[in-house]
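Visitor: I have a model to go through. Can you put it up, and then I'll ask about it piece by piece?

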Amino acid sequence: MKVLNHGKRRAGAVTNLAAAGVAAAVAIFTRSTAGGMVGTKTLKIKRLKIRNNGAGNTWVHIGTGTGGTFVDAVPALYSISNTTDDYQEFDLPEVELNATITAYPEAVGTGSFDVQVEVDEIG
Amino acid sequence: MGYDLFPHKSGNGGVEPIALIGHNVCVKYSNDNHYRRVIWFEPIPPFQFLDIGAINAGITSNRIQAENLQLWRNEFAQIRWYPLDTAQVRLFLPSADGRYNLKNTQVPIDPTIVDRDPCLHLTEFFVWEDRNPAFEAINYTAVNITTCRLVGMGYRYVTESLPETDISKIKAGTLQCTNIVASGFSGKP
């Protein structure tokens, strides 16, 4: 019964980050807020895949909000050009978020990033 | 006649009903004894019955009424519960009457309850009609929390009144009756 406080594991869609900078932060997982839904949902990131499509070596930020409201959920992750990174549950702090998860790279060069996140949706 | 059903029963990890259809119960609320017979019941699966909301670090929330746990007339509910977020939560039933009381402490429930009491039998409380409980949460951490969600589960019972002859037999100890406490102690009913 320890699973009482666990959530439902869900994966977000593969999302392309085509532009650099915090103002260009893109939603990579939208928190459930349907009208009439009973309760409030929160999100814990359990897995993260980042594909660097020739965007150069740079930092990728994962958090909530965009522009001036962006807050990092975890420290920025360094991505090497033309590689794929896979962060699993034990790599990621148990940060609980009550907002849609967003991401942005600090640079894209002539490339872009594909990001996919898997979360525990709690509540 | 006895039944293997009683309050706060520690089952195989789940919540067992306190009574079945046809069983007699005495719902104790404040100074009243409500002698009733169960005529219908249904399970209430786990659901968020209250979100106390955001609480800053080290702050105690206001006492919030859990109106989602209200019932119709002649009904009572058996509820076990736990908090999802990092807070120590106190139960009041009714609002001015703290529950889980010792002489010097009102015992709170926090998210560790699901490990320490996996079937939640020590959290069980009963609601009579629309006399819902209220909850107060202490954010004991050094960070603000944005939600303070409480999840409950159990059973809802519909009852009918008992004839005086049956109540007399119950008082004489010759007819089965399960006593159910649905409020804090306020003197012998």
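Visitor: Which residue is the bridge partner of Phe41(B) in β8(B)?
Guide: Tyr157(B) is the bridge partner of Phe41(B). This is a predicted model, where local features need pLDDT of at least 70, side-chain atom pairs count only at pLDDT 80 or more, and totals for chains, interfaces and linings use all residues. Residues are numbered from 1 along each chain as its sequence is written, and chains are lettered from A and ligands numbered from 1 in the order in which they are written.

Visitor: In what sense do strand β2 and strand β8 of chain B pair, and over how many bridges?
Guide: Strand β2 (residues 32–51) and strand β8 (residues 149–161) of chain B pair in the antiparallel sense, over 12 bridges. Two strands pair if DSSP finds at least two bridges between them. Strands here are DSSP runs of E with at least two residues, helices are runs of H or I with at least four residues, and both are numbered from the N terminus.

Visitor: And how many bridges join β4 to β8(B)?
Guide: Nine bridges join strand β4 (residues 75–83) of chain B to β8(B), and the two run antiparallel. Gln78(B) stands opposite Tyr155(B), and Ile79(B) stands opposite Gly154(B).

Visitor: What is the strand order in the sheet?
Guide: The order is β6-β4-β8-β2-β1-β9 in chain B, six strands in an open sheet with mixed pairing. Its edge strands are β6 and β9 (178–181) of chain B, each pairing on one side only. The twist averages 35 degrees from one strand to the next, using axes that are lines fitted to C-alpha atoms (for helices over the stretch in contact) and angles that run from 0 to 180 degrees between N-to-C directions.

Visitor: Zooming out, how many helices and strands does chain B have?
Guide: Chain B has two helices and nine strands. From the N terminus on, they run β-β-β-β-β-α-β-β-β-α-β.

Visitor: Which residues touch the most other members of the largest nonpolar core?
Guide: Phe76(B), Phe126(B), Val127(B), Phe135(B) and Ala182(B) do, out of 44 residues in that core. The largest share of this core, five residues, comes from β4(B). A nonpolar core is a set of buried Ala, Val, Leu, Ile, Met, Phe, Trp, Tyr and Cys residues joined through C-beta atoms within 7 Å. A residue is buried if 20 or more other C-beta atoms lie within 10 Å of its own, exposed if 12 or fewer, and partly exposed in between, with C-beta atoms placed from the backbone.

Visitor: What share of chain B counts as buried?
Guide: Of its 189 residues, 35%.

Visitor: Switching to chain A, is Pro75(A) buried or exposed?
Guide: Pro75(A) is exposed, because 10 other C-beta atoms lie within 10 Å. Pro75(A) is found in the loop between β6 (71–72) and β7 (77–79) of chain A.

Visitor: How many residues does the contact take from each chain?
Guide: The contact takes 14 residues from chain B and 11 residues from chain A; two residues are in contact if their C-beta atoms, placed from the backbone, lie within 7 Å. On the side of chain B that touches chain A, β2(B) gives the largest share, three residues.
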